[in-house]
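The following exercises are to be worked with the sequence and the structure in view. Each task is followed by its solution in steps.

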Amino acid sequence: MKWFKQSAIGQYIIKARIIAANQKEMGDYGRSLRGLSLAESPKSKPDSIIESTYQEYVGSISTADKVISYELVAFLWHILQTIKPKLVIDLGSGFSSYLFRYYQSTAVEPCRVISCDDSEHWLERTHHFLRTKHLSSDDLMLWDTFITQCNNESPDLILDDLGQIPARIKTLPQILSLTRPQTLTIIDDLHKYQLRRSVLGQLPSMKYHVYDLTPITYDHFGRYAWMMTLRNTNDDHN
Ligand SMILES: C[S@@+](CC[C@H](N)C(=O)[O-])C[C@H]1O[C@@H](n2cnc3c(N)ncnc32)[C@H](O)[C@@H]1O
């Protein structure tokens with residue numbers, strides 16, 4: 001059945017099953033992507049510099065299964081062009097740090113990017129890569145420093161791709177406590193059952209809506225992301 005899983009129709013069916021299962025798991029907290037403005041425009045597609053830098057990063061610094069998927073890169077680029085954030089929190093440094101800082105270098109309005117990692121080694125590698133690309137290497141810090149010193153920031157966009165899955169589960173409540181009504185929080189690797197359970201467990205108490213980004217971010221490793229937004233309190237009366 002390996003051939004079936006790898007075929008286009010096989011992939012289509014697997015993706016459709018995941019979307020249906022996710023809808024069921026999310027229940028009333030789930031929101032449709034139809035509610036989001038995701039209209040394609042040429043400006044919101046990653047340019048050739050992003051594409052070639054992604055190939056370079058995957059080939060020489062990291063590996064494709066560790067770096068955010070190109071599907072997620074494309075979605076994040078679209079979001080950046082659409083919401084034009086003033087503050088981005090990039091949790092789990094690497095190519096995502098390049099992407100956000102490339103955006104920062106091209107944005108008309110100032111945009112601060114804070115990139116964190118729980119590994120000094122990967123933070124250092126990210127620092128070096130950003131320097132070789134002549135991008136800002138300001139605001140690169142360890143997670144522990146960030147969460148004790150910068151926990152009063154008001155982010156427009158958070159990418160949660162920090163460390164390994166146990167660390168992801170442990171830090172999730174702290175990350176969600178950073179969110180404000182305008183914050184879009186994108187959490188990667190929701191194909192991991194334990195992480196999904198952990199996110200779903202936060203929904204009732206944290207008053208969140210959750211969007212399944214599988215239709216847009218599903219990749220050939222079977223990875224996908226979800227997005228969370230704070231629920232409008234008026235929704236509670238509907
Ligand atoms: C999924 S990776 C983060 C990827 C990052 N957002 C990116 O776009 O490249 C999660 C964590 O694994 C570590 N990491 C990054 N690249 C790695 C690699 N090639 N091998 C092992 N660990 C890696 C870092 O500590 C990082 O916080």
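Helices, of at least four residues in state H or I, and strands, of at least two in state E, are DSSP runs that are numbered from the N terminus. The model is predicted.

**Exercise 1.** Describe helix α4 and state what follows it.

*Solution.*
1. Helix α4 covers residues 70-83, which amounts to 14 residues.
2. From its first C-alpha to its last, α4 reaches 20 Å, close to the 20 Å expected at 1.5 Å a residue.
3. Lysine 84 follows α4, and its phi is positive, near 45°.

**Exercise 2.** Which residues of α4 are buried, and what covers them?

*Solution.*
1. A residue counts as buried if 20 or more other C-beta atoms lie within 10 Å of its own.
2. In α4 the buried residues are Leu72, Val73, Phe75, Leu76, Trp77, His78, Ile79 and Leu80.
3. Their cover includes helices α3 (48-60), α5 (95-106) and α10 (214-217), together with strands β5 (157-160) and β6 (184-187).

**Exercise 3.** Determine the strand order of the sheet and examine the edge at β1.

*Solution.*
1. The open sheet has eight strands in the order β1-β7-β8-β6-β5-β2-β3-β4, with mixed pairing.
2. Strands β1 (30-31) and β4 (140-142) are the edges, each pairing on one side only.
3. β1 pairs with β7 (residues 208-212) in the parallel sense, over two bridges.
4. Glycine 30 has valine 210 of β7 as its bridge partner.
5. Helix α2 (residues 8-26) packs on the sheet and touches β1 and β7; its direction makes about 170° with that of β7.

**Exercise 4.** How many residues surround the ligand, and of which classes are they?

*Solution.*
1. The ligand is surrounded by 15 residues, the closest being Ser62, Gly92, Gly94, Ser96 and Ser119.
2. Five residues of this shell are nonpolar, seven polar and three charged.

Definitions and conventions. Residues are numbered from 1 along each chain as its sequence is written. This is a predicted model: local features need pLDDT of at least 70, side-chain atom pairs count only at pLDDT 80 or more; totals for chains, interfaces and linings use all residues. A residue is near a molecule or strand if its C-beta atom, placed from the backbone, lies within 6 Å of it. Ala, Val, Leu, Ile, Met, Phe, Trp, Tyr, Cys and Pro count as nonpolar, Asp, Glu, Lys and Arg as charged, and the others, Gly among them, as polar. Two strands pair if DSSP finds at least two bridges between them. Two residues are in contact if their C-beta atoms, placed from the backbone, lie within 7 Å. Axes are lines fitted to C-alpha atoms, for helices over the stretch in contact, and angles run from 0 to 180 degrees between N-to-C directions. The expected span of a helix is 1.5 Å times one less than its number of residues. A residue is buried if 20 or more other C-beta atoms lie within 10 Å of its own, exposed if 12 or fewer, and partly exposed in between; C-beta atoms are placed from the backbone.
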